[in-house]
Amino acid sequence: MTTRRLLTFVAIAVAATALGWALMAGLSRVLTTTVPDELPPEGQTAAAPPAPGDPSAVPRIKATLFFGSGDGHQLVGVEHEVPLGDSVVAQARAILEAQLATAPPDGLARTIPEGTALRGVYASERGEVFIDLDGAIRAAHPGGSMNELVTVYTLVDAVTVNLPTVTDVQILIDGREVDTLAGHVDLRRPLQKNEELIAR
Amino acid sequence: MSRHLIALVAVAAVAWAAGSAARAQAPGATLTVLAQDGRRAMPVTAVGGRDYVALDDVATTFGVDVRDDRLAGGVSVTAGGTTILLTESQAVVSVGGRLVSLPAPPVRQGGRWLVPVDFLVRALGPALGTRYDYRRPTRLLVAGDLSVPRVVARLTASDAGATVTFDISPAATARVTPENGRLVVAVAQADALDATLPAIPAQGFVQGLSLADTPGTLQIATGPRYASYRASTSQPDAGSTRLTVELRGAAPPTAAPAPGTPEPAPAPAPTPPPAPDAGLPPASLLGGDEPGIRTIVIDPGHGGDETGTTGPGGTLEKNVTLAVARRLRTLIESRLGLNVYLTREDDRTLSLDDRTAFANSHRADVFLSIHANAAVRAGMQGAEVYYLSVDRATAEADRMAAAGGTTLPALGGGTRTIDLILWETAQTRYLEQSAALAATVEQALASRVTMSPRAVQQAPFRVLVGATMPAVLVEIGYLSNPDEEQQLASGPYQDRVAQALFDAVSRYRATVERGTPQE
């Protein structure tokens, strides 16, 4: 009887310890995934590319960049090496900089006007990523719904496809929220990944 | 004798040639100056697509002194003790020593000085100490504090009668009085009217629509089939008044009011004109709350400074969309007898939310936004139809908003519950109907024009977000495709698109009135 009691006591103690451990581990995991949300809003400093003089020293990862398909109404993903960022914001910035700077491979077309500059990348406390573009993109953009859709979703998909923890992306122009880029796509709220536009 | 005759013929020929040359440059365009002392006309000359007036005409019209300053290569205008100095090819003028910019420099043409019409508002007005308001679409220069409401009239006619609507902005009281052979429409406290009047098609009810002699009045000249009228006013939005005058014929099947007897203007909402065809009993259209399509708002995409996309040959999207919208309005008004409103009647800048608000305030049953497309590849072609894509968060927000009404105190005591609709989620409730409308539009387009491989799509387009009715955005073709650009700029293709959209509206109306998929 006493042995049984002892065994029950030991079993309860073990179970309680295991539960405690699971709780702590789980909590720390949750805390880890929310780390990007706690980043300072000034993404630029966090995303400063390391040692510009020595590119070989920077670890690089493969990311998917997007370009216009041969017929112009789809996005085609192309793998490209980009510098590894030390946070979600820094990584988003590295991907977007590569997206803006990379010329399309043969047979594909640029979906963002050449020379478009990235002013900054930020994340809100709720995990939304903000892409702040220079106002010159407005004058350079040729207009048309399809053009505007592929421009906007190249940016949104470049972030959401490569960084699965980011689901909402909002585009700002000159640091401000805008109605649209060229008169069609609603930019006043965050957009989600668009897989319909991506060629399979 | 014969020599004199030849000389006379020669003079006449020269005069005719000079006249036709002048017409070719500016086809008889005049600018009207409205001031306390009356109405004067000034000829307008087009230079580089811009309206110019001659300074010697300015001198006679405004009683100012114009002097050539050959040494300085310019001209001076003395008005009310202030001197305005203009220099050729300089878009900046000095008004009493203060610099004022013009949209384009003055030009010298055949010994005359021409200045952009903006000169009158920006330079001459300040020099004379008078404020001028220039209405570009009607080339009207209004002086001082004259009240000159803008009036846009429209006429729809059927076998049973005709309806003339007057959209008056800013809002004003308007009164209709029958006189011999005409109905006089007087806008209260108007010194004059800035009116756009339609051409009158052949029918027996209305013979003419024109400004009357008394300032601030218009007249409807009635035709042989006219017997009685009925007038009502409504306020489609805070800034305008709509006066609807229905003209009816004599000897209808049932008892009609005595000829010429005006009925009191009762209902605030204008009664839609009877539908001439569609094989439906007219009652289904005139009955107030029955489901039906009575009002269509067409939104010609872009406009003004916002040109939209541009084709490789220079065709502007804003012009194509307006041309198609106008053709579509004519078709719907004349064949279905529905109320049709365009969000813009001319080349003007309009925000996306204003376009949607216009459709909401006009209580449109269908909202069609017309656009022309562009893609990164020139080969891309065909028409596309879009309805709104809604993310989960928006749909959820709408459910929350719909769950609880808001209670407000009512006039005369008590309370009433109103359903507040958030702009950002307004279209969510009409998504199913918009999808059905998009499918109807796609089918109708496919039978008349080439469709793109992505014929029906969903996208988060701003102009659809706040619409409280079935709403679609139609891309009528790719301006970035050189062949399609040529078509889009041509009348026959615009007619085909308008005809297809008319078919779509007609079919959609039939579906709604049969009560199949709605609500």
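Guide: A residue is termed buried when its relative accessible area is under 20%, exposed when that value is over 50%, and partly exposed in between, as computed with a 1.4 Å probe on protein chains only. This is a predicted model, in which local features need pLDDT of at least 70 and side-chain atom pairs count only at pLDDT 80 or more, whereas totals for chains, interfaces and linings use all residues. Residues are numbered from 1 along each chain as its sequence is written, chains are lettered from A and ligands numbered from 1 in the order in which they are written, and side-chain values use heavy atoms, with hydrogens and water left out.

Over all chains, the structure holds 34 salt bridges, each being a side-chain nitrogen of Lys or Arg within 4 Å of a carboxyl oxygen of Asp or Glu. In one of them, Arg136(B) meets Asp118(B), with N and O 2.9 Å apart. Asp118(B) belongs to helix α3 (residues 118-128) of chain B and Arg136(B) to the loop between β12 (132-135) and β13 (140-143) of that chain, so the bridge ties together parts that are 18 residues apart in sequence. Here helices (H or I, at least four residues) and strands (E, at least two) are DSSP runs, numbered from the N terminus.

The closest N and O atoms of Arg462(B) and Asp186(A) are 3.0 Å apart. Arg462(B) lies in helix α9 (residues 462-465) of chain B and Asp186(A) in the segment after β6 (176-177) of chain A, so this pair joins two chains. Both of these residues are buried.

Arg135(B) and Asp133(B) also form a salt bridge, again with closest N and O atoms 3.0 Å apart. Arg135(B) counts as buried at 17% relative accessibility, and Asp133(B) as partly exposed at 31%. Elsewhere, bridges that share partners unite Asp179(A), Asp186(A), Arg188(A), Arg189(A), Asp353(B), Glu424(B) and Arg462(B) in one network.
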